[in-house]
Structure formats: structure tokens, C-alpha cells
Amino acid sequence: MRTLVTGATGFLGGCLARALLARGDSVVALGRDAARCAALARAGAEVVRADLRDSAAVSAACMGIDRVCHAGALSAPWGRRAEFQETNVVGTANVIAGCAAHDVRRLVYVSSPSAVFDGRDHAGVTERAPYPKRFASAYSESKKLAEDLVNAERDAGAGRLETVIVRPKAVFGPGDTSLLPRLLAAARRGRLPQIGSGANRVDLTYVDNVADALISALDSPASAGNT
């Protein structure tokens, strides 16, 4: 089985690629960071240095692939809406087109619970949760629109491309350059106010656990078609 991991030079994608390599899988790692591409190549991955917005490069990376984990994304708390659309929505469309062109069997898409966040507290949310009428950010909207593309391909393909959508929340661990570093920096500046009573429940997900969940989604025959 050959697995393509997009976003493989990022935090989560890199962790997943290394976990797959550690168990002896054949991995094609797609990413943009030259140094991290080189490190993945040394670890045994076949590396494709490309941007998700490059449809031809993404399609070529899908050639000979059995399944894809699409972890690549522009993930940021703020930014221009057009940039999120180009990377997260158009990039996902390019991945789906590559899967279709090269008969990829399964696509696991890494989304975000922010796609269903409506400003209220959520607990025990399932895949049946509706999308909000208004999104908290351009990032959240882009992840919802990308989910729409994945679901539309699943529905139109009559099972030809199996799809799974996974929505990990607040991923942290070794190599995190975003979540905890930003929180710690805000705390040091005295700009980390307490929200609520201080007893609020907040999801935090360790990166290795997310990688394990993604591998299960790639492997398990029962997971196809689920969010």
C-alpha cells in the first residue's frame, strides 16, 4: 500500500508520515519546506516538493497511490479570506481531482471542529451536527467548504472513492510551533485572560493520538464514508 500524505512538512502531516514509515509503509510525502522534505527523504519517504494550489503537481503525486491523507492546509487564526480559499478549498479540489484521475481508493481529509462551531459550547458533538449560518473565521469557512467537496465526491462516485473526514481539535505535542507556543507567549506578556469560571472543559489532542486516529481511518474498512 502506498500512502500519499499532503502537508507532510507540517506539524501533523510530518508526525503521520513518520508513524507510517516506522511501521514499514510506503509513503509519498508532499510538502513545501525544503529542509523537512530532506529529513523525510532520509527517513525513507518519497518526497514531492509542491504547493497544494499546483493542480498538475498534486495530480502527479497521486499517481500509483492507494490512499491519501490530506493533512495540508493553511491553518491560522487570521488572514485573507482569498488565501484560505486558495489553499484549503482549491487545494482540496486538486487533491480530489488527483484521486479521481489515478483511481485512488480512499481519501482521509483532516478538517477542523471549527467547521461546525456556532459560538456556543459544544460537547459530545457527532457528525450530524449542522454547519453554522455564520462562521467564526475565514479558516473555519474554508474547512467547511472543503468538507463539502469531499462529501460531494463521495456521493457522486457511488463508492469509487471512499472518504473519511477527521476533525482533530487543538493538536499539540513535540514540533508544535503554533498552539502552545502562542499561549505561552501570550501568558508571558500578561495577555492571557481567564475565560469563564476557569473550570471550562477544552479539548486538547496529542499529536501522536491524532496520527493513530488517521492511520485507523486509512486502514479500517468500517471507517469509509464517515466524518
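**Reading the sheet and its helices**

Modeller: Gladly! Keep in mind that this is a predicted model. Let's begin with the sheet: 6 strands make an open sheet, ordered β3-β2-β1-β4-β5-β6, with parallel pairing.

Biologist: Which strands stand at the edges?

Modeller: Those are β3 (46–49) and β6 (162–166); each has a single partner strand, so one side of each lacks a neighbour in the sheet. Ignoring direction, neighbouring strands are turned against each other by 15 degrees on average.

Biologist: How many bridges join β1 to β2?

Modeller: There are 5 bridges between β1 (residues 2–6) and β2 (residues 26–31), and the two strands run parallel.

Biologist: Which strands does helix α4 lie across?

Modeller: Helix α4 (residues 81–101) lies across β1, β4 (67–70) and β5 (106–110), and runs at about 175 degrees to β4. Helix α5 (residues 138–156) also packs on the sheet, where it touches β5 and β6. The direction of α5 makes about 165 degrees with that of β5.

Biologist: And which residues are buried in α7?

Modeller: First, the general idea: an α-helix has 3.6 residues a turn, so residues three or four places apart point the same way. In α7, the buried ones are V207, V210, A211, L214, I215, A217 and L218. Viewed down the axis of α7, these buried residues fall within an arc of 160 degrees, so they line one face of the helix.

Biologist: How far apart are the end C-alpha atoms of α7?

Modeller: They are 18 Å apart, which agrees with the 18 Å that 13 residues (207–219) should span at 1.5 Å a residue.

Terms used: Residues are numbered from 1 along each chain as its sequence is written. This is a predicted model: local features need pLDDT of at least 70, side-chain atom pairs count only at pLDDT 80 or more; totals for chains, interfaces and linings use all residues. Side-chain values use heavy atoms; hydrogens and water are left out. Helices (H or I, at least four residues) and strands (E, at least two) are DSSP runs, numbered from the N terminus. The expected span of a helix is 1.5 Å times one less than its number of residues. Buried means under 20% relative accessible area, exposed over 50%, partly exposed in between (1.4 Å probe, protein chains only). The arc is that of the directions from the helix axis to the C-beta atoms. Two strands pair if DSSP finds at least two bridges between them. Axes are lines fitted to C-alpha atoms, for helices over the stretch in contact, and angles run from 0 to 180 degrees between N-to-C directions. Contact means heavy atoms within 4.5 Å.
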